Amino acid sequence: MVMTDVQANNYAFQEIETRWQAYWKANKTFKTEADGTKDKFYLLEMFPYPSGRIHMGHVRNYTIGDVFARYKRMRGYNVLHPMGWDAFGLPAENAAIKHKIHPARWTYENINYMRSQLQKMGFSYDWDREIATCDPGYYRWEQLFFIRMHQKGLAYRRESPVNWCEKCGTVLANEQVVGSGVCWRCDTPVTTRRLKQWFFRITAYAEELLAECDRLTGWPEKVVTMQKNWITKSEGAEIHFPIEGSDKKITVFTTRPDTIFGATFMSLAVDHPLVLELSRSASQEAAVLAFAEKENREKRSRIGGEDFEKEGVFTGAYCLNPLTGRRMPIFAANFVLMEYGSGAVMAVPAHDQRDFEFARKYGLEVVVVIQPPGEKLSPENMTEAYVEEGTMVDSGQFNGMNSNEAKEAIVRHLETTGLGKKAVSYRLRDWGISRQRYWGTPIPIIYCDTCGAVPVPEKDLPVVLPLDAEIDETGRSPLPRLSSFVNTTCPSCGQAARRETDTMDTFVESSWYFARYTCPDYTEAPLDRAGVDYWLPVDQYIGGVEHAILHLLYARFYTKVLRDLGWLNINEPFKNLLTQGMVIKDGAKMSKSKGNVVDPDDLINRYGADTVRLFCLFAAPPERDLEWSDQGVEGAYRFLNRIWRLVTENRVTIAQSPAVINVSELKGEAKALHRKIHQTIKKVGADIEDRFHFNTAISAVMELVNDAYGVIGLGDKNSQTLAVLKLAIETVIISLSPFAPHIAEELWQTMGHKELLSSASWPSYDEKAARQEKIELVVQVNGKVRSRVEVDAGQGESEIKEAALSDLRIKEWIKEKEIKKVIIVGNKLVNIVV
């Protein structure tokens, strides 16, 4: 490409960026195929929901990834860098209601617009691998996974509570329940209903998911900790409490079997299936229902907080303590969760703080069964529960034992008598995937009055989501009312049957998309083993920390399931993980509701994509929040203009410089600039590769630009100086290219190169040339700076010590004093203690 006179004089970013984007697209510059002769590198950013426009959070995320992808490509790796769309979800339905437009049309129009925005940013995606999860060609395989999981018992159906709006006659997602627990559309108080729903048995993989957390060495420690905490393994016992007057029993899991003799009442989760049954038989149903509705409203404002009043309601029923025979009243309590254990807690108020508070509120018995060392607790005088270890009392044959030792003894006794057993429990619950929504993947199940729930035959996949459905203003899914979709025949017996009208949780689509990128056009099976075996696992995954638990956990689970079903040969999907910070403006995260959004299109039109990229990378390290600054954007733009002038104003002068630099002839500023070139190559590479410290890498390029201008200002320059200057300018361009690829490609051509810079090799550095010849050391006496000395780089401690002690100023400070020790801190400081 030939530079025009206009380009030579001005940084015409719009013309430059448009031309290079068109070139990359037309020539498929970033198209990738498996190549066994090259080391692969699979880089992936979390794909976006096609909401309509990309925002600065997208820009930052994808720019971070693009820098690494471009850098790895220049380092000789075969880089896979794909993009696609997490295209199903509730916002499309909401938009359909608001704008009177079909979710499919809204989604695909948004995809087209957002794709054009991403292309304007110059991201190096292989667009031939683009996927949209709402495409039947994608979700047909998801339905196949469901069927195979159903065959293995990993997909099953059971009752589960949902949010219900009586006025709208529809199920609400959690985000549609607003304020004090009312419907977002009509302000009707939301109630809870129990519906049969589909689940994935993720708990079958709980132990493996937890154990392999320790192998996620390329993940941030805080994310690994969040994963571990979400799974949480607890060891203890399952204990059976017979229900009085019934042949049923309540099974609890407890980590404190040593306290069973102090259990005085039973607490059940409000949504425990026994609560209504027990209250109904005891004529307490009205009171229990009233409490349940109150709790359903209030729990949404607690969001898992611990600091709330412990409340409950008596069900009217009793159970029996299996070891003491004590009659224990059964309560529905707001602090017990169905998500943990069995949703039932044996309440030991003397030795559990929540139980203690509850017992005091409702006048329930407190029995001490563990006494602390050297002290005797009395239930009447206790102001809080005693939760530490101690000596067993009032515990039958276990009296006098240490409470920790008694745990094992009591469990053995329970097992011997058939009253319980040793058990492990996980906080992790099975994954509920049913959504009573329209815009999602249909669950491939047919219901027959004779045969029950029957999977759709694999040959009949995909079950296509009908696009002739219309969503009314209530937001109810149209699928149950669409006879052309619902009515079918049973594949087992041929009788009239009906399709499942629930759709899958959109987390399902994002749990395996990274694998489909390796073979997006493969039609024989969900995954081409040749493709997945070459590309997976993902070498570097990048996304927001808000996805640190569910998305990543589900992707890990899905990977293990697909491995066990024979489609993958890996245990973990993502080798390395980077969670970038948020984009902050005026002290808050950018959002439409706060009115602090910056439109990327406006910035691109005003400054160019390279400026936007450079600012996002220079303003803060990736893992930290980025504070928006208009001045910072201006500064990035000025820096690119400065580089433009550096090249265009000096290219003629340096064009005839020698091809080979004779290092031995270099002196003064030329020698220093040559050293700076190699230091810059070393630092930029290390900052990108090892630390993702793009801000300091860019800072190193800025320093090289400054030094280059310093040599330009020297006046007359010999041929070797010009050769060094040319190398410095080309190093600036190459080092800048992952960050600002458009201007770098343009300037590379300007320097006379024929090949694409994006296909060029990353430069190597000479360690010897990069080494500083002299270093300056601060010299202290008793911790106070007294002088500075210069020594040759690479000197040993004995030489450094001798130089410090030989310094005239230091000699004056020490005089005849005794030197106790000399402390040398790297190549920076010497502290002489006298």
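D586 is exposed, with a relative accessible area of 66%; exposed means over 50% relative accessible area, buried under 20%, and partly exposed in between, with a 1.4 Å probe and protein chains only. The model is predicted, and local features need pLDDT of at least 70, side-chain atom pairs count only at pLDDT 80 or more, and totals for chains, interfaces and linings use all residues. Residues are numbered from 1 along each chain as its sequence is written, and side-chain values use heavy atoms, with hydrogens and water left out.

**Backbone features**

- Most residues other than glycine have a negative phi, and most peptide bonds are trans.
- D586 is not a glycine, yet its phi is positive, at about 55 degrees.
- The place of D586 is the loop between β26 (583–585) and β27 (588–589); strands are DSSP runs of E with at least two residues, helices are runs of H or I with at least four, and both are numbered from the N terminus.
- K28, also a residue other than glycine, has a positive phi near 45 degrees.
- K28 belongs to the loop between α2 (13–26) and β1 (40–45), and with 45% relative accessibility it counts as partly exposed.
- A cis peptide bond runs from L461 to P462, with omega near 5 degrees; P462 sits in the loop between β20 (452–455) and α13 (483–486).
- L536 and P537 are likewise joined by a cis peptide bond, with omega of about 5 degrees, and P537 is in the loop between α15 (529–535) and β24 (540–544).

- Helix α3 spans residues 56–74, 19 residues in total, and reaches 27 Å from its first C-alpha to its last.
- That reach is close to the 27 Å expected at 1.5 Å a residue, where the expected span is 1.5 Å times one less than the number of residues.
- Because 17 of its 19 residues are buried, α3 is largely enclosed by the rest of the structure.
- G76 follows α3 and has a positive phi, near 100 degrees.
- The structure holds 1 cavity of 30 Å³ or more; on a 1 Å grid over the protein atoms alone, a cavity is a set of points where a 1.4 Å probe fits but cannot get out, a pocket is an open set with protein on both sides within 12 Å along at least five of seven lines, and lining residues have an atom within 4 Å of a point.
- The volume of the largest cavity is about 60 Å³, a volume being the space filled by probe spheres set on grid points that are joined across faces, edges and corners.
- Residues lining the largest cavity include F30, R70, R73, M74 and E745.
- α3 contributes the most to this lining, with 3 residues, and α24 (741–750) supplies at least two.
- The lining of the largest cavity comprises 5 nonpolar, 2 polar and 3 charged residues; Ala, Val, Leu, Ile, Met, Phe, Trp, Tyr, Cys and Pro count as nonpolar, Asp, Glu, Lys and Arg as charged, and the others, Gly among them, as polar.

**The second largest pocket**

- The second largest pocket holds about 420 Å³ of space.
- It is lined by 18 residues, and those closest to its centre are Q436, P480, E500, T501 and D502.
- Two or more lining residues come from each of β3 (155–165), β4 (170–172), β7 (191–200) and β22 (496–499).
- This lining has 8 charged, 5 polar and 5 nonpolar residues.

- Helix α18 (residues 609–618) is largely enclosed by the rest of the structure, because 9 of its 10 residues are buried.
- Among the buried residues of α18 are D610, R613, F615 and L617.
- N695 is part of helix α22 (residues 694–712) and counts as buried at 16% relative accessibility.
- Leaving aside residues up to four places away in sequence, N695 touches L617, F618, A620 and P621, contact meaning heavy atoms within 4.5 Å.

**Cysteines**

- The structure holds 0 disulfides, a disulfide being a pair of cysteine sulfur atoms within 2.5 Å.
- C490 is in no disulfide, and its nearest cysteine sulfur is that of C448, 3.7 Å away.
- C493 is also in no disulfide; the nearest cysteine sulfur, again that of C448, is 3.6 Å away.
- C490 counts as buried at 3% relative accessibility, whereas C493 counts as partly exposed at 34%.
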